[in-house]
Every structure is written in C-alpha cells, then in structure tokens.
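Visitor: I am new to this structure and would like a close look at a single part. Please start there and then connect that part to the rest.

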Amino acid sequence: METTDYEHGVVPQDQRKGWLSIAAVWIAIGIDLSGAFLGIELASGMAFWDAIWATMLGSLLLGLLAMACTYVGASTGLSTAMISRAVFGRIGGAVLAIAITISLVGWFAVQTGFFGQNAQIAFHEFTGIDVPVQLFNAVGGVLMAITAFWGYRSINRLSSLAVPLLLLLLVVGVVVAFIQHGTAGLDAQVDVTYTFGGAVSLVMGIFILGVVLSPDMARWAKTPKQAMAAGFVGFFFGNSIILVVAILLARVLNQTELMTMYFTLGMGGIAVVVLILAQWTTNTTNLYSAGLAFSSISSKLGRRTVTAVLAVIGIVIGVVGAADVFVSFILVIGTLIAPYGGVYLASFLTGRRTARWAHGAAVPHVDAWSIIALGHRRAGRLRDHEPRGRTRFRLVHDHDDLVTGRPARRLRRVRAAVAGPRWTASGCHGSGAGCPDGRGGRMTALITEADVDEIALGAAVLGTGGGGDPHVGSLIAKRLIRMHGPVRMLTVDDVTDEDFVVPVGGIGAPSVSVERIMAESELLAALEAIERGTGRRPTAVMPIEVGGGNSMIPIAAAAVAGIPVVDGDAMGRAFPEAQMVTYHLAGYGPGTTVLVDHHGNEVVSRPVNGEWSERLARAVTVEMGGGATMIDYAYGGAVARECAIPGTLTLAKRIGGILRGRDAAGRQLRDDERIDALCTDLGAIRLFDGKVRDLQRAVDGGFTRGAAELDGVGADRGSAFRLDFQNEMLLARRDGALAAVTPDLIAVLDLATGMPMTTDAVRYGARVAIIAIPCHEKWRTPRGLETAGPAHFGYDVEWTPVEQLAAAGTEIAR
C-alpha cells in the first residue's frame, strides 16, 4: 500500500479516487459542532423557514465556490500550500504555508480542548465519575493525530464509515424529537435578530476556509469534473445537514445545547457517538492540512514527521488549556488566508496554459498583481471587521467564534448591552493581582481557572450539602473563563452607589442540577430579562448564596457578560428558601424577580415579599422541571453594601486551599490533618465520625428532602447520629440529643480525604466526619432565627449556638 501523500508534488493518476469518497470527506468535515451552534443561533433569531432557506442558499453558494477551488486542486494535483508557491513564489508560498499551519494547529488545539470538555460532561452523565478534562483532551487529540498521521487514505476510510452513521444518528434524533414533542415548536415566534442576507453570510462563513483549502483533498480526484462534483456535493450537503438538524431540534425542543437536546430525548449514547465522530473527522483534517502546508516549505520535510510534531504541539496546548490564549491571533491569520482562494483561482484561470502551472515547473517569482490582489482583499476584510450592523450582505469570519462554542450573536449583544463601554478600556491580564476596572481607578482581584476549583471546594463546605453541585458549576465557570478571560472580583466596599448589583443563582433540587447541566444561554437570558424588567443595566453580579454550585453561577455569568463579581453573598452559607437572605432580614423585598429555564421559558414577577417570592418561584421551578436560573434582590450599590456578607468568595477559596492540603501559612497538610486544620481555621466543631447505615432521600416540592443515620467509628464507636436535610443539612442529633441546628452550618466531609459531600452525594456505607460552623451574626438575631431557625422548618427544638453546646460538655464536645 502506498504511504506517501505526495506533499511535495502531484498525486499520480493511478492513486486518485472517485468523487463520492472525496465528497464523503467534506460531508464529514461539515458535520461539526460549529455548524450546530450556528443552526441553534439561527433558530432563535429568525423565523423557521427563513432560517432554512438562508441555510440552503448559503450552502448552495458555498458549493459553487467549492467547485471552482476544487477544479484548481484536481487540475494541478497539488496541495493548497504547493499551489501558493506557484502563485507567490518560494518565499511568498512559505509565508502563506506558515500562516496556514499556525491557523490550523491553533484550531486543532482549540477543538481538542472543546472535545475534552464535552466528552467529560458526557462521561459524567453516564458514570457519575469525575475524570480530569485534560485526560479527554489528550485521548481525543491522540486519536485525531493518529488518523492525520496516516494521511488522506486513512481520512477517506474514516469518512466512509462515519458519514452514513452520522447521517443515520442525526435523522434518528430528529424523528424521535418529532415523535416525542410534535412540530408545534417550528412555528413559534422569536425575536428576529438576523437579516436574511446576514444569515446567508454566516452560513457561508463557517466553512469558507475549508473551501479555500479544498485542493488538499481535491487533488486526489480522478478528473477535475469529479472534483467539482465532490466539491459541490460535499460542501452543499456537508454544510447544510448539521445546520438544518440543529434548527429543527432547537425549534422542536426549545433548547440551546446539542448535547442537552440528545440527553433530553433519552439518546445520550447517540450524543456521545455524534460528538466523537463529528470532532474526530473535522479536527483530523485540521492537523492533516497543517502538516501538508508546513512540509511544502522544503522537500526535506516529511509530512508524517511534521504532522507528528504539530500534533504534539497542538495536544499540549489543548491539554494545558492555553488554546484560547491564541484565539485572537489565529482569527487574524484566518482572515489573511481566506481571500487567498480568490487569488489562486484567478491566477490559475488566467495563466493555466503557461509554464508556471506545468507539472514539474520551476517555482516562479511572485507576480506583482497577486500581491496587489491579496492586499486589496485583505484591506476589504479589515473594513468588514469594523463595528457594524447586520444589514449588509458580506462574508464574515464568525465561524471561529462558533467553533469554540461561542454563539457569536448573543455574546456580542450581551457584552455590549450589559457590560457597556466601562470594561473596554482595562486591558488588564494576569492572576490574583489588583487590576483597574476602568471606572474611577477601582482595583479588582482576578478569578482564574485555577482559583475556581478551590472556591468550588470551599463553597461545598459552606453549602452544608445544598446550593447545587459545585463540581458541575465549576466546569461551567472554568469553560467560560477559558473562553472570555479571568473574572474581576470587587470587594463589598468597592461597590459604589451607582452600581446595580444582581444576585444570580440556581433554584431547585440539588439532585436535578446534577442531571440537567445549566446552559450558558440561561445566564444570558436572565441578565437580559432583569435589564428589561428594571430598566437598569447590571454592572456587577453577586452570589445569592456562597454555598455549593450557586457560588459558581455568578462567576460564570460575570465571565460571559464581562462584568465583575462581588466578593460577598446574601447568606454566608446556603439555605433552601428564597426569602432566607440578608436583604430580607434588613427589610428589603425581592423586587423584580426573574426565572429562566433551559427550554427558553422566562418568568418575570414582582412578589410582594420574600415569602411570596419563595412560593411563586418554587411553584414555577417545579413546572420548569425542578431547576431554573433565578435573579432576585437586584438593588443599587448602597443596598448591596448594607446587606452583603463580605468576603465569602475569598473565604471559600481559603477553605478550598486547606482541603487541597495547604493551610493558611502555606504548610502542606496530610489527608488526616485537613479536617482538624479546617476546624481550627473556621472555629468549627467536629461533631461526629461515622458510617452511613440508612438513608432516605427524595425530591419533593422542588426540594431534596430526607435524613441520614450513622453509626459511630473510631472514638465515636457505639454512638448514633442523625442528620435531617431539606437541600441543606439542617438538624443534627447525637444519640437523640441536639448536636447542631440551623442557622448554624452543618457540613459532611469524607472521613479519609476531607472532601465535602452534598446531600445528593451522600451514599449508604460512606464514612464521613460531621462538623458544625457558627453562622454569621446576622442569622443569630430574632429576625434571622424567625426566618431560618429550627421553628421555620418544623423542628421542635430551641436554637442554641453550636459553640455553647460544645462548651456545655455535652456528648458532642470532642
């Protein structure tokens, strides 16, 4: 079997393939997640049939352009990079080859990281096991690199197998969606945010670079006519299939994430297969074309060796999470490459009978007219990237946003509308150090990906079992920080009277939040809704509760909206009911309240008080499937400063550091030292060490309710312990006697590692340590105890501070 890919010359006639197999490669490349993202965007921003016809027209025009470019590839038998040498000469061709290489290796790294994130979520959905995303990045990258290493023939075989299976799975998804949900959603009214011409332009834009690089595959066609047929079929159908499927599913299911759609349909396995095949076929060609391009610089460079080296570079970048750092740079390079297709097409059509294009011809000197043409096109592209509306018809390079998982329309709109110009002047980057926020010289700390894990860990302790799964929330927050950069964090004292501080979080049963992962679109919809409902533009977000996953949601919202998060919250822990906030204690009502779900439903209300806010929100949340994104108690800066419990995100990070084995002084801690070190730092009491022997837990009325019974181990052997919970741990008894009760914090930690456990994560047989942490003084007032004390939850006990119970020498003292 031939093993060369003829990277330095012409593909021999006896090695060339039929048009259908080549078309399959382009169809496989076209069925990718960037197309799915764009289809979902068009479904939410256009009438249904307008979106369909824009997709068809854009794909048709793309197919016609592909016919012209593939004609050049098949006629010459050369790769895109080798064609550039015939157009621009040796040096000019090398420059373009390097640009192509950097762009494609950059996108290989970005998509490898994107594949890892989605694969991690899918793996967790199926197994409940948390595996580092870096492992999925590495495995996916290696899988794609192996295929690219073996070259076109391997890609051709992969596509021949993948395309029929992908088409079958996509069609099955649509059929099941129609059977389960009907077709009513197709005619649903939406806010029109795209013109028809703008939509056509976007449809072409997501695959235009593929058209420019199409000679890499077209050179394998038996004849130019077969190449043109393959180009038209491959780009027309490849581009339109995933768009149409995404539009249909988004309309029928009223959702905004392809993975979520398939899990909603009970087809999680199919979602994983589609994800793997779509990314595998698409990203393999990124690396393959990058290897072809760079090896064209010199005959001494073998494509396989170059591909292997580039694969290592791309995988390392993807694994360490550095790919997004280069996104802006490779976006610029991409805009340089895209016009090149018109240049080589014009050069070939006007001079194909000259010696320049003869097989084996010497590399020519660069034509002056080619440089002028490229410079003119580049200038036009730069003009197209100036601030603009959506009324002009033009090709824009927005597919680079879409390929990294960013719905370009909504992100640009929300960043401009919510953040305004105040954050555009900063330009500050880094970790941990102070940074001016562009407004009056205020200094802000930065929350990076590395900080998120420690904050999430500490928040799980402060969440006392509730507040949602912090791990799932941390994945969302880290992905958005990776996409948009570090989040600025203001202290409570830094908040000014002019600020409009919006507490944002999730509401519902924690067990539901694990099964239904919050979509980025919910955060954006909630921020847009509160602005419409109040007439005020949010300038900062804040956790409504620092506990659990609700510590992560504001960080994610801040990342996507480009506004800071306040280092404070309205509970100092997590509580199960909406009125259990310090705003309520201070006499403030919930104000305009927003609830948004993953279906796109949006409920805006103005409850008369906190209790009614809880009743209304809980009823709506149950109808929304047991979980929703909520904004309430949105007030100006003066009220936020009055009510917020300061420094709770910083506290959560400190707790997380201890549980990861580092105390406040930086000393390394053994696993068996961490719980005691945490108690010392927080002034907490270690109540009980035991093993779970019985567990009752159920979702009831929008809450996870139940009780856990434990038998003592170690020094507590022979004693029994009981925990009652309603989302959060609320009441603890040892041998029937009161050990701790709300509003003091009761946390469950893994006995061996010190890792916190949420109420939905507690399992029969788990060996745990129970600790109690004194609550903030605001909860120890008569108003605080009335709102969140034991009587409110129906417990017939008197509240006693946990530290007094310990000091009294009861059984809980250790």
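Guide: S289 is a residue of helix α12, which covers residues 268-295. The model is a predicted one. With a relative accessible area of 7%, S289 falls under the 20% limit, so S289 counts as buried. Leaving out residues up to four places away in sequence, S289 touches L104 and D216.

The next residue to look at is S103, which belongs to helix α4, residues 80-127. S103 is buried as well, at a relative accessible area of 1%. Between S103 and A290 there are 187 residues of sequence separation, yet their C-alpha atoms are 8.2 Å apart in space. That pair is one case of a wider pattern of separation along the sequence. Among the contacts in the protein chain with a separation of 6 or more, 78% are between residues 24 or more positions apart.

The protein chain has 814 residues, and 60% of them are buried. Its secondary structure comprises 30 helices and 18 strands.

The largest nonpolar core has 105 residues, and the members that touch the most others are W26, L42, L249 and Y344. Helix α10, residues 224-253, gives the most to this core, with 15 residues. Apart from this core lies another, of 89 residues, with A634, A684, W779 and Y795 among them. In soluble globular proteins, nonpolar side chains tend to be buried together.

L42 is in contact with A51, T55, Y194, A199 and V203, when neighbours within four places in sequence are set aside. W26 is one of the buried residues of helix α1. Helix α1 runs over residues 19-30 and has 12 residues; from its first C-alpha to its last it reaches 17 Å, close to the 16 Å expected at 1.5 Å a residue. Of those 12 residues, 9 are buried, and the helix is mostly covered. The buried ones are I22, A23, A24, V25, W26, I27, A28, I29 and G30.

W49, W53, L57, L60, L64 and F196 make a nonpolar surface patch of about 600 Å². Helix α3, residues 48-76, gives the most to the patch, with 5 residues. W53 lies in helix α3. Its relative accessible area is 54%, above the 50% limit, so W53 counts as exposed.

Charged side chains supply another set of links. The count of salt bridges is 23. One of them joins E449 to R482, with the closest N and O atoms 2.7 Å apart. This pair links distant parts of the chain: E449 is in helix α19 (residues 449-462) and R482 is in helix α20 (residues 470-484), 33 residues apart. E449 is partly exposed, at 23% relative accessibility, whereas R482 is buried, at 18% relative accessible area.

R662 is partly exposed, at 32% relative accessibility, while E454 is buried, with a relative accessible area of 8%.

A further salt bridge involves strands. E709 and R722 form a salt bridge whose closest N and O atoms are 3.1 Å apart. E709 is in strand β13 (residues 703-712) and R722 is in strand β14 (residues 720-726), so the pair ties together parts that are 13 residues apart in sequence. R722 counts as partly exposed, at 29% relative accessibility. Both E709 and R722 belong to a network of salt bridges that also links R693, D711, D724 and R733.

Terms used:
Residues numbered from 1 in each chain as written. Predicted model: local features only at pLDDT ≥ 70, side-chain atom pairs only at ≥ 80, totals over all residues. Heavy atoms only, no water. Patch = residues over 30% accessible without salt bridge, like charges linked within 9 Å, V, L, I, M, F, W, Y side chains within 5 Å. Areas by Shrake-Rupley, 256 points an atom, 1.4 Å probe, with all protein chains shown as cover. Salt bridge = Lys/Arg side-chain N within 4 Å of Asp/Glu carboxyl O. Helix = DSSP H or I, 4+ residues; strand = E, 2+ residues; numbered from the N terminus. Buried < 20%, exposed > 50% of the residue type's maximum accessible area, 1.4 Å probe, protein only. Core = buried A, V, L, I, M, F, W, Y, C linked by side-chain atoms within 4.5 Å. Contact = heavy atoms within 4.5 Å. Expected span 1.5 Å × (residues − 1).
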